[in-house]
Amino acid sequence: MEMPTPQAGILANKARLIEMLQAVLPAGAVIHDPVETRAYECDALTAYKCPPLAAVLPTSTQEVAAVLRICHAENVPVVPRGSGTSLAGGALPTADSIVLGVARLNQVLETDYDNRFIRVQTGRTNLSVSGAVEERDFFYAPDPSSQLACAIAGNIAMNSGGAHCLKYGVTTNNLLGVTMVQMDGTVVEIGGAHLDAGGLDLLGLICGSEGQLGVVTEATLRILPKPEGARPVLIGFDSNEVAGACVSDIIKAGLLPVAIEFMDRPCIRATEAFVGAGYPDCEALLIVEVEGSPAEIDEQLGLIKAIARAHNPVELRESQSAEESEKIWLGRKSAFGAMGRINDYMCLDGTIPVSSLPFVLKRIGELSGKYGLDVANVFHAGDGNMHPLILFDANKPGDLELCEEFGAEVLKLCVEVGGCLTGEHGVGIEKRDLMNVQFSHDDLEAQLQVKDVFDPKWLLNPAKVFPLEATRIRRAA
Amino acid sequence: MTPNSESDLAEIVASAKRPLAIRGGGTRPIGSPVAGDALSLGGLSGIELYEPGALTLVAKSGTPLAEIEVTLAAEGQRLAFEPMDHRALLGTKGTPTIGGVVAANVSGPRRVQMGACRDYLLGVRFVDGAGRIIKNGGRVMKNVTGYDLVKLMAGSYGTLGVLSEVSLKVLPQVETAASLVIQGLSDARAISALSTALGSPFEVTGAAHTHDENGTPVALIRLEGFENSVTYRSGRLRDLLKTYGEVEIVSDPNTVAAQWQKIRDVEMFKGDPRDIWRLSVKPSDAPGLVARMPLGRDVTYDWGGGLIWAACAPDTDLRTLLGDFAGHATLIRASAATRARIPAFHPEPVPIATITAGLRAKFDPRSILNPGLMG
């Protein structure tokens, strides 16, 4: 993976730059010892590592602005970082960059149940936002699997989704406003407790821009009353294709479950061995969850089970208790971790039209044979967001490259059937060079010119999202 | 000019020597008046793809909204964001198009719970001011590949690009609907009741406060879904709201549909000679803001109080009278002279206005796409 060559002038200037940053930040907020900066050398895409020049941990919007003003004046690249859980290398530094971590911006600023929002600093973790409103039975809907660790800042940067976004939408559908610092230190307020933009929808543009347009320090998030109850049903099938057809039929029938998750046999076995979620041993497993009062749940699950039965499931089991439901979800959310115990893996994130599920799953199986690498599938089936995990051995020379080649072929397949390269993880560095598969020169140019407006010097997370070749002239200017 | 294909459209824009006044069905003349050559999208019409099992529909921008609604209904589906029909309020004729709905980010009462047009917009194709054909997003429900220009295009009123195709997420129709009605509440009490309903687990899909023909205040709350579920939730919600007064449950689906269509289309101001303003605010701020509006106004609230429709004396600059407030006010209907004097869209603070101007300069470098419409 190519990254830009560090600029010698910045590396030579390190001591002075550290002094300038220390002058505007509290003691201990500038990390520059090479032993300590290693903690920031990568995110969850651990195949690529590079310690930054320094990492800074500001504690207020004003401090973020001060850091950015210095870096802007000194032409130093800045890599914003939430909790570093990106699977796409969104927070991967270069040796001449400053990592700007929001971990110390973790306060709840305002909770308003009448108007159904919470305002937080963006270093706060996803799950702790829900935790802050639990006392009144509210929650924050987007629930990425990393929700225990991932920060709202990263969720906004990547427009994160989760298992329950089939019903509740992804981050952009639950984000009401932001305080954002632009690269030149300008602080802007966009949106707020009201709905929709008065002019252009800049909030929608910023969400998912992978930290390239500004550093979001505060966010106003929509909170929702918890449903009276929720209950999952496990449906096992002896083929992936039949499971895919069942998903399509559930959706066509006018039912709108809150989640439809899919796991295949390799994933089921690994997860069972890891957390013992009580999954049946079968070729393909669906977890379908519905919400409401007990009677409402019974009615919906009755309809879903009837549809499932028409596809001859090998297992059809409704959760009998809150504990069992929790275990079922623990299994699903631990799936990546479970796979990680048995192998190195690369997690893809392509999204396809739901109608193409059976075809794409079959094709992935064929490609697995072609490349000689095993694949486990665990994903959000209801919205077509695939997560094939390609297993490889990082210690075996050439295996990572082979795996990346396989991954690229799967993502191209996703685009071919009418889908996209990434549904919720982001482009980062991982899919940067595949952007030409999905977008024409003009399509990309329209996006690049947006960054020209927000960050004319191309200093914010500059080597991400777009093919390096497409941004070379802009980054060098 | 009425292009018949996207490439025709691109050619017309690329070779345009004068500003273009872009129109879909011409039913939503919102914004400052635009002097330019008329460019109609009526020739770009037709549903290109509809997959009920994937909840997605792709249509050319000039496709009549009615055609889309009929097609969806045949499969038991609908546009969940419930786009408002502006014809009654604005006194316009013509056929609303899906491109117009997207360009103006038009939503209805369901927006408060289910999201706006922009939340259901999966992808766009458009021609920018230089005549380049651009696509963004796609036709899948989750997509974070590159920047989200889809949201940026929604509600940009044709000022950044001329839409040629839109891709939408659709949802199943519901089996039935009911309204809970409470009469005679003050604005503040009504908004409080609506907040209580929206903060309950009973999945309210409409929360409005308006007046009936006799001027009696009426708060309405809508529930939708399977029949048993709607019955159950109506009962639970009535118990929850009984401290606000007597709660009537309307369960005839046709009556309920008619009630919410009136609210959606702001029919109470149909034919009203006054200017019409639309404000988006924090719901609990709404009654206080309305109290500061000049005498001789009438209002109606949607979105749990977060959306205020106000009829005010002609040529009143409501923003000046209200002073600073969190949210925004749009002048939806007024004489051409008033719209030339008072900006239709809410003026932006300097740093935001700078970003907006920067984006316009990139997407429409010659300032030919509905120039000045949004200020």
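The exercises below apply to a predicted model.

**Exercise 1.** Find how many residue pairs are in polar contact between chain A and chain B, and which helix of chain A gives the most to its side.

*Solution.* Step one: take the pairs with both residues at pLDDT 80 or more; 27 residue pairs are in polar contact between the two chains. Step two: look along chain A. Helix α18 of chain A, residues 441-454, gives the most to the side that touches chain B, with 11 residues. Step three: sort that side of chain A by class. It has 39 nonpolar, 34 polar and 23 charged residues.

**Exercise 2.** Describe the extent of the contact and the area buried between chain A and chain B.

*Solution.* Start with residues. Chain A brings 96 residues to the contact, and chain B brings 74. Then turn to area. About 6500 Å² is buried between chain A and chain B, with carbon and sulfur atoms giving 58%. L195(A), D196(A) and L200(A) supply 11% of the area that chain A buries against chain B, more than any other three residues.

**Exercise 3.** Count the salt bridges between chain A and chain B, then check the pair K167(A) and E203(B).

*Solution.* The count is 9 salt bridges. For the pair, compare the distance with the cut-off of 4 Å. The closest N and O atoms of K167(A) and E203(B) are 2.4 Å apart, and the two residues form a salt bridge.

**Exercise 4.** State the confidence scores of the model and of chain B.

*Solution.* The model scores ipTM 0.97 and pTM 0.97. For chain B, the mean pLDDT is 97, and 100% of its residues reach 70 or more.

Terms used:
Residues numbered from 1 in each chain as written. Chains lettered and ligands numbered in written order. Predicted model: local features only at pLDDT ≥ 70, side-chain atom pairs only at ≥ 80, totals over all residues. Heavy atoms only, no water. Contact = heavy atoms within 4.5 Å. Buried area = accessible area lost by both parts, 1.4 Å probe. Salt bridge = Lys/Arg side-chain N within 4 Å of Asp/Glu carboxyl O. Polar contact = N/O pair within 3.5 Å; in protein donor to acceptor, adjacent residues only side chain to side chain. Helix = DSSP H or I, 4+ residues; strand = E, 2+ residues; numbered from the N terminus. Nonpolar A, V, L, I, M, F, W, Y, C, P; charged D, E, K, R; others polar. pLDDT = per-residue confidence, 0-100.
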